[in-house]
Amino acid sequence: MNGIEPIPLDRPFTYFELGFGQGLTSNILAAGNPQGKFYAADINPVQVASARKLAAAACLENLTLFESSFAELAEGSVPDLPQFDFITMHGIYTWVVPEQRKHIVNFVDRYLKPGGIVFLGYNAMPGWASTLPLQRLMLEHADQHPDRSDIQVQKAGRFVERLHDLKASYFVDNPNLEHRLQTLKTLNPDYLAHEYMNRGWQPLYHADIARDFGVAGLDYAGSADLPMAFPHLYLTPEQRRLLDEIPDPVLRETATDFCRNTLFRRDIFVRDIRRMTQARQSEWLQQLGLALTVLRDTATTTMEVGIGIGAVSGRDDLYIPVLDALETGPKTLMELATLPQLRTQKLSTLAEIAALLTASGQASPFFLCSATMECESARRMNQSIALHSLGSDSYQALASPLLGSGVVAGLVQRLVYLAMCRESIDVNAIAMDAWKGMLAKGGRVTKDGIPLESEEASIAELEVIVQAILDRRVPIWRQLKVL
């Protein structure tokens, strides 16, 4: 999108994820990209063990998982690591102390190939500025109330709520904190503890990140949030004119964050950037396709894309023909470009449509070479995830070898998948398994937004949902080679 040569995925490549958490991302990527060799590391032994268990259940031979610190990785003490095409990290860079950040940069410097790509998702400034005192207050409260971190964050949240109710000036003067206070009540305590109960927690400016990775010879290539390639979606004409006057790319990008009050960034950095000609860029776009990931009758031209952009309304005369074409199956961008309504449009217009449909969770791009990749490792992974769903709801996605990534799948969908793998489609039995799973985690079945009270009504509604998945969702899975 930004005219920078990417990594070809029609041949072997190498990939490393730093701080993999549950390990679901690395497992799904390895399953969906058998041509790649994947490596990942985390310091938490419980998470490493569970991620290895999932990989073993799916018989993945192209994923290696390490229980290692950033220091060990940076020092080269992990044996037999290759040079990498991709190095990724989500969240961790602004969750660790400066010393650990130096280890991460040193690891990248040691192991990233020329032309290699680094992805960083991180808490960004200035969007977090008003929340910094809140996080500090919660940490101070936790220090005075030793306990498990999930309990500490709940106690700290209740203390914060009391201060808020007493109209403490901090909250009165920062009304934008209301949403943040609501999340303290609604989000999973384990996640909140991960976010707030952390001494290394420090949102950073883009300028900080650019300078840190500049030491390793990397330059900013753009955002992994595809709509960010189209500034007219999130900046006023006056803002764009001012930003165009700034010659320094780091200052320009940092100033953009002030225009948007950015909370979170997903940055792509590249070592030894290779710029493409327009002709070369067009060649790459011709290697891309687009696939629908939702039911056609739920797809909409009024899209909630998040990332600080909010709702965007696409032109019906352009978006509806694209959605209608995708309903019959994935299409290449060139096939979509030949639709009568798009023939007179620039290729950049089609790229924007694809970007917004992707950002709103309605479609996903894919490389055409993926259509010929083997699917068995992804299907083994999906069966393992579906089987895991009988006892846990922690893995909420399935691997798509066409997309080379994953698609969101709720509990009932995964149980349907398991039944199809076993070739035992009993709608009532699947509904019963789903009901038991929801009961175990304190969930309720809803109909038209209203929770159902009785077990009989809940199972009956689940049977309706199961049948709808069989009739409507399964065809999409087949298109995406999930099944």
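Reader: Hi! Where in H20 is the kink?
Author: Hello! The kink, of about 40 degrees, sits at Arg 473, shortly before the proline Pro 475. That bend is the angle between axes fitted to the seven residues ending there and the seven starting there. H20 is a helix, meaning a DSSP run (H or I) of at least four residues, while strands (E) need at least two, and both are numbered from the N terminus.

Reader: What kind of model is this?
Author: This is a predicted model, where local features need pLDDT of at least 70 and side-chain atom pairs count only at pLDDT 80 or more, though totals for chains, interfaces and linings use all residues. Residues are numbered from 1 along each chain as its sequence is written, and side-chain values use heavy atoms, with hydrogens and water left out.

Reader: Which residues of H20 are buried?
Author: Among them are Ser 458, Leu 462, Val 466, Ile 469, Arg 473 and Trp 477. Buried means under 20% relative accessible area (1.4 Å probe, protein chains only).

Reader: And what covers them?
Author: The cover includes strands E8, E13 and E15, plus helices H18 and H19.

Reader: Switching topic, where is Ser 360?
Author: Ser 360 is in the loop between helix H16 and strand E12.

Reader: Which side chain does Ser 360 join by a polar contact?
Author: That of Gln 362, at 2.9 Å. A polar contact pairs N or O atoms within 3.5 Å; within protein, one must be able to donate a hydrogen and the other to accept it, and residues adjacent in sequence count only if both atoms are side-chain atoms. A polar atom of the Ser 360 side chain also lies 2.8 Å from the backbone oxygen of Leu 356.

Methods: Buried < 20%, exposed > 50% of the residue type's maximum accessible area, 1.4 Å probe, protein only. Contact = heavy atoms within 4.5 Å.
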